[in-house]
Structures are given as structure tokens and as C-alpha cells.
Amino acid sequence: YHAATRMAGALGAIGVKKGERVLLVLPTSFELITAFFAIEMLGAVPVPTYPPTGLRVEMAIDRLCHVARHSGSRVRIAATVSDTVSPTNGARAVSI
């Protein structure tokens, strides 16, 4: 709860508002749950996606780019710098 509250404050400080979509590029983890609830605390909409990994990386990157383009998100939360590579939607990347 406290971690989600701190993250909600940080997201609010960069301008995330109620109803806004936030792309989550995170594996299933504590960080995903924390970010998901932080976004919901603000009244924003979490858009969870898995980071591209494994043998089908190219297909996973295409899927991530598709979701990013069509989600309407302007903020993206990712676990690593490589996950924050812009999928051409102009979203601001936040690494956790």
C-alpha cells in the first residue's frame, strides 16, 4: 500500500490525471501490482503488457508497439531502460 501511494504521488507529479491511460511494460511481479494500484489510486487506467522476451522477441515487440500506439497512453512504466524504447506513440517513459 505504501509503495503504491508513493508511486501514485510520483505519477501525479508528472501529470498523470484521472481517466488517462498508462502503459505498464512489466513482467508479473510486485512492481506490476504496485504500479497497477498506483495508477488506479489516481483514477487513471492501467494498460498492462508483457515486456518482449524469449524466442519470439520480434513478434512481441510488434504486439507491444501495436498496444502502445492504440492505447492512447502518454506515460509508460517499464522495469528496464531497454523496455522504455519508444514504440512510436510519443509516450513518456518512467523506469522503476
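Where is Glu20 found? Glu20 is found in the loop between H1 and S1, helices (H or I, at least four residues) and strands (E, at least two) being DSSP runs numbered from the N terminus.

The model shown here is predicted, so that local features need pLDDT of at least 70 and side-chain atom pairs count only at pLDDT 80 or more, while totals for chains, interfaces and linings use all residues. Residues are numbered from 1 along each chain as its sequence is written, and side-chain values use heavy atoms, with hydrogens and water left out.

View 1. Apart from neighbours within four places in sequence, Glu20 is in contact (heavy atoms within 4.5 Å) with Gly15, Ala44, Val45, Arg74 and Val75.

**View 2. The salt bridge between Arg74 and Glu20.** A search of the whole structure finds one salt bridge, defined as a side-chain nitrogen of Lys or Arg within 4 Å of a carboxyl oxygen of Asp or Glu. Arg74 forms a salt bridge with Glu20, and their closest N and O atoms are 2.4 Å apart. Arg74 lies in the loop between helix H3 (57-71) and S3, and Glu20 in the loop between H1 and S1, so the pair ties together parts that are 54 residues apart in sequence.

**View 3. The largest nonpolar core.** This core, a set of buried Ala, Val, Leu, Ile, Met, Phe, Trp, Tyr and Cys residues joined through side-chain atoms within 4.5 Å, has 15 residues, of which Leu11, Val22, Leu24, Ile39 and Ile77 touch the most other members. Helix H1 (2-13), strand S1 (21-25), helix H2 (30-41) and strand S3 (75-78) each supply at least two of its residues.

How values were computed. Buried means under 20% relative accessible area, exposed over 50%, partly exposed in between (1.4 Å probe, protein chains only).
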